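Please keep the structure open while reading.

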Amino acid sequence: MIEDELIKIWQSSSNQERVKFEKSKLMIELQSSLDRLHRRWKYLERVNIISALLTIPPFILAVFWAPFISMKIASALVIVWAIYVGLRILPIKKVKSGDLESNYLQYLEKTKAYLIAQKKLLETSLDWATLTIYPIYLLFWVGVWERPMARFIGVMSFLVLIGLGVFSYYSNKKKVKNEILPSIQKIDELIKTLKD
């Protein structure tokens, strides 16, 4: 009954009112997906910073107490790497749009730039985060390689590290494909609709 009345109202409304309705529907859908993306990105920022903070103290101790020079050097490099990776995603906040932009079109354009920056960072994380730790990790185990138990632990943990890198790569690829690109497309649609 109510659906029939809504259909009649929809059919009797002018094209201009329908376009306004479509615009507001697109705005609501977009805002919902953007809120979800912003929450996830904030979570990712926190995880990165907490991971860096948890990684640094044990390796500071290793710099002073590790038995081999290669372990000391690798530990210092891990500290630098953890700081770099922990801080790598923070500059994207500069691109993020504020809630109080001068108009909705500028808000959409800034949000699109923010999403493109996220996309670029996730797509290149294999280069700047994952692949950079492998040589450091190998350097860490060079000093104890002739000991069978240490070799076993080093190989097993290196395989785990590779597994985490592969998981991270495909997870980031999935986020870009399923979340960020559709949001960018919705923003493009809405920008086009607003400009018409």
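A residue counts as buried under 20% relative accessible area, as exposed over 50%, and as partly exposed in between. K173, at 47% relative accessibility, is therefore partly exposed. The model discussed here is predicted.

**Overall fold**
- The chain contains five helices and zero strands.
- In sequence order the pattern reads α-α-α-α-α.
- Buried residues make up 30% of the 196 residues of the chain.

**Helix α3**
- Helix α3 covers residues 69–88, which is 20 residues.
- At 1.5 Å a residue α3 should span 28 Å, and its end C-alpha atoms are 28 Å apart, so the two values agree.
- The buried residues of α3 are S70, M71, A74, S75, V78, I79, A82, V85 and G86.

**Helix α5**
- Helix α5 has 48 residues and runs over residues 148–195.
- From its first C-alpha to its last, α5 reaches 68 Å, close to the 70 Å expected at 1.5 Å a residue.
- A bend of about 35 degrees occurs in α5 at V176, and V176 is also one of the buried residues of this helix.

**Packing of α4 against α5**
- Two packed helices are described by the angle between their axes and the distance between the axes.
- The axes of α4 (residues 104–142) and α5 come within 9 Å and cross at roughly 170 degrees.
- Angles over 145 degrees count as roughly antiparallel, and α4 and α5 are therefore roughly antiparallel to each other.
- The contact of α4 with α5 has 26 nonpolar, nine polar and seven charged residues.

**Largest nonpolar core**
- The largest nonpolar core has 21 residues, of which W41, L108, L115 and I187 touch the most other members.
- Helices α2 (15–65), α4 and α5 are the elements that give two or more residues to this core.
- The most residues come from α4, which gives eight to this core.

**K173**
- K173 lies in helix α5.
- Which residue is 49 residues from K173 along the chain, with its C-alpha atom 9.9 Å from that of K173? That residue is T124.

Methods: Residues are numbered from 1 along each chain as its sequence is written. This is a predicted model: local features need pLDDT of at least 70, side-chain atom pairs count only at pLDDT 80 or more; totals for chains, interfaces and linings use all residues. Side-chain values use heavy atoms; hydrogens and water are left out. Axes are lines fitted to C-alpha atoms, for helices over the stretch in contact, and angles run from 0 to 180 degrees between N-to-C directions. Helices (H or I, at least four residues) and strands (E, at least two) are DSSP runs, numbered from the N terminus. Angles under 35 degrees count as roughly parallel, over 145 as roughly antiparallel, 65 to 115 as roughly perpendicular and the rest as oblique. Ala, Val, Leu, Ile, Met, Phe, Trp, Tyr, Cys and Pro count as nonpolar, Asp, Glu, Lys and Arg as charged, and the others, Gly among them, as polar. The expected span of a helix is 1.5 Å times one less than its number of residues. The bend at a residue is the angle between axes fitted to the seven residues ending there and the seven starting there. Buried means under 20% relative accessible area, exposed over 50%, partly exposed in between (1.4 Å probe, protein chains only). A nonpolar core is a set of buried Ala, Val, Leu, Ile, Met, Phe, Trp, Tyr and Cys residues joined through side-chain atoms within 4.5 Å.
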